[in-house]
Amino acid sequence: MLQSLLCAALLAAPLAPQAGPILPDSVQAAAPVPRARWYQPRHVLVQTGGGVGMVAAGVGYAFLRDRLDADVLVGYVPRKHAGTTLTIATLKLLYSPWTLPLTSRLTVKPLSVGVYGSYTHGLRNPGKPGQYPDDYYWFSNIMRVGPLLGSRLSYALPATATGRRRNLSGYYELGTNDLYLLSYVQNRQALGPHDILTLTLGLKLDL
Amino acid sequence: MSPFLRNLFTRAVLPLAAGSWLSACEMIEFSPNDHRAPSHQRDLTAKNLARLAASPLPAQDTLRFVFTGDSQRFYDDVEDLVKSVNQQPDVQFMVVAGDISDFGLGREMRWVDDQLRHLRIPYLTVIGNHDLVANGGEAYERIFGPRNYSFTYGDTKFIMTDTNGREYNFNGRIPDMDWVSAQLRDPAARRHVVLSHVPPLDGDFDPTLREAYAQALREDPRLVFEMNGHRHSHSVSQPFNDGVTYINSYAFERRRYLVVTVWGDKEFRLKHVDF
C-alpha cells in the first residue's frame, strides 16, 4: 500500500507544478549571486526504486554548467520486502547534455545518461570470512553497478533571497545492474530488455 | 522549442514518465534482493502440489517423473527443455534439484518460472546453495515455498530438504536431521525418496551431519534412493557402500535430463533424454 501510494505520488509529481499559480518573475538584475562553496551540496533528492531503496534520499553536486550531477544517496528497504532490513548507499553520476525550455518556468532535460554504484548493508547471508573457499562465488552480493538512462522535468521556483535560481525537478531513470545485464547478454533468446529493467522515480530540489 | 522536440516530448517523454500505473510500479525494484512478486509467482510449491493432487496416481501405478537440476544462469536452455519434457508421454511431474537462481535473486527465480510454467506438468523444486546467497533464502520462500517439505504421490513420499550447510556457515543444523528423521519414520507411504541439492559427500555438506544423514537413510527400509543436484553432471552410485543409491541430476546446461520410472517396492529405471 505504502509503495503504491509512493509510486503514485512520484508519478504525479512532475505534473503538479503546472497546476500551481504562476508567480511573477522576480529577477533582480544587480545583486551578484554568491558562489556556493565546493563542499556545499547543490541539491537534495528523494527517490524510489532503481534497486537502491524503497525510499532513498541524498544530496548532490552539479558540474559542467549543470550538465553533470553527482549524487550520494542512502536508501531503505523494509524487511517485509527483502527478508531483512536493507540500507543501501549509492553514488550516481548523470550527464544531461541538453536543457530545453518548455514554458517560462518549465524546462526539460530530455536525456540523462549515467552510471551508479551501490553498497548494500544488512543482507542475511553476505558471506563471512572463511565461509567459502576462495573464488567460490565470483560475484559480490553487496556491490552493484549499472547504467542509467532518464529524463528530468524542472520547474523554476522563485529565486532565493541571494538571487540564486532554483528548480524543483521530477525525474525518472531506467536502469539495470551488472548481474541482470550479464544474465541478459548470455541469454538473449530467453530474456528481453523488459526483464532486466528497473525504474526510478524521484524529486530533486536545488538549494 | 521546435515542433520536433515538442512532439518528442509529448509523444515519447511524457508517456514514459507517466507510464502506466501498474507496469511502472512493477519495475520499481527496491533492491535486487527485493523479493516481491506478482501473485501468480508466489507460493509456487503449494500451487504445483495442488496441480499434482488434481491428477492423483492410483496405488500400485507406476511413478514416472522428470529429474533435472541447476537451472541457474542457463535461461536460453529452459525453453528447449520445456519443449522436450512436454513431449514425454506419461510423466507426472518434474523436479528441479536446486540452484534455480545463480545469484539468489527473486527476479532470477521468476525468469525460470516464466518458462517452466509452460510445462504441461507441474514442477517442484528444492532449495540450492545459490538460492541462499544474500537474501535468496527469503526470496525462495516467497516465490516457491518452504526449504523443507514433503509430499506423497501415489505410493511414494518425496522428502525435500535443504542440505546447503555451507550457506549457513556449517551451523550444525542443516540438514535439519530432526525433521528428516521424523519424515522418514512416517509409515504411511510404501516408498520414500529423499531429494536435496548438495550430496552428502560434497564439501558443501555440513561434515558434522554427514554420517547422521547417511545413517538415517540407510536405516529407512522404505527408501528407494536419494537424489541431488549441485555437481551439474549425472551419476548413480552407492558412495557409503551401504546399499543406498544416490542419483545426481544433469544441470540445464548439459541439455540432458532423466526420466525416472519407479515401480514395485524399490524398482527403478533411468532414461537419459537429450534436448
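**View 1. Polar contacts link chain B and chain A in this predicted model.** Between the two chains, 32 residue pairs are in polar contact, with both partners at pLDDT 80 or more. On chain B, the side that touches chain A draws at least two residues from each of five elements: helix H1 (3–18), helix H2 (21–27), helix H4 (75–85), helix H5 (106–116) and helix H6 (136–143). H1(B) gives the largest share of that side, with seven residues. Sorted by class, the side of chain B facing this contact has 24 nonpolar, nine polar and 14 charged residues.

**View 2. A salt bridge joins A:Arg124 and B:Glu138.** Look here for the pair whose closest N and O atoms are 2.4 Å apart. Across the interface of chain B and chain A, the rule finds one salt bridge.

**View 3. Chain B and chain A bury area between them.** The buried area comes to about 4600 Å², and 60% of it lies on carbon and sulfur atoms. In chain B, the residues that lose the most area to chain A are B:Phe30, B:Asp76 and B:Trp111, which together account for 15% of what that side buries. In terms of contacts, 47 residues of chain B meet 59 residues of chain A.

View 4. Of the 275 residues in chain B, 59% are buried. Chain B exposes about 10600 Å², with carbon and sulfur atoms supplying 51% of that area. Among its contacts between residues at least 6 apart in sequence, 72% join residues at least 24 apart.

Terms used. Residues are numbered from 1 along each chain as its sequence is written. Chains are lettered from A and ligands numbered from 1 in the order in which they are written. This is a predicted model: local features need pLDDT of at least 70, side-chain atom pairs count only at pLDDT 80 or more; totals for chains, interfaces and linings use all residues. Side-chain values use heavy atoms; hydrogens and water are left out. Contact means heavy atoms within 4.5 Å. Buried area is the accessible area (1.4 Å probe) that two parts lose on being put together, summed over both. A salt bridge is a side-chain nitrogen of Lys or Arg within 4 Å of a carboxyl oxygen of Asp or Glu. A polar contact is a pair of N or O atoms within 3.5 Å; within protein, one must be able to donate a hydrogen and the other to accept it, and residues adjacent in sequence count only if both atoms are side-chain atoms. Helices (H or I, at least four residues) and strands (E, at least two) are DSSP runs, numbered from the N terminus. Ala, Val, Leu, Ile, Met, Phe, Trp, Tyr, Cys and Pro count as nonpolar, Asp, Glu, Lys and Arg as charged, and the others, Gly among them, as polar. Buried means under 20% relative accessible area, exposed over 50%, partly exposed in between (1.4 Å probe, protein chains only). Accessible areas come from the Shrake-Rupley method with a 1.4 Å probe; for residues, only the protein chains shown count as cover.
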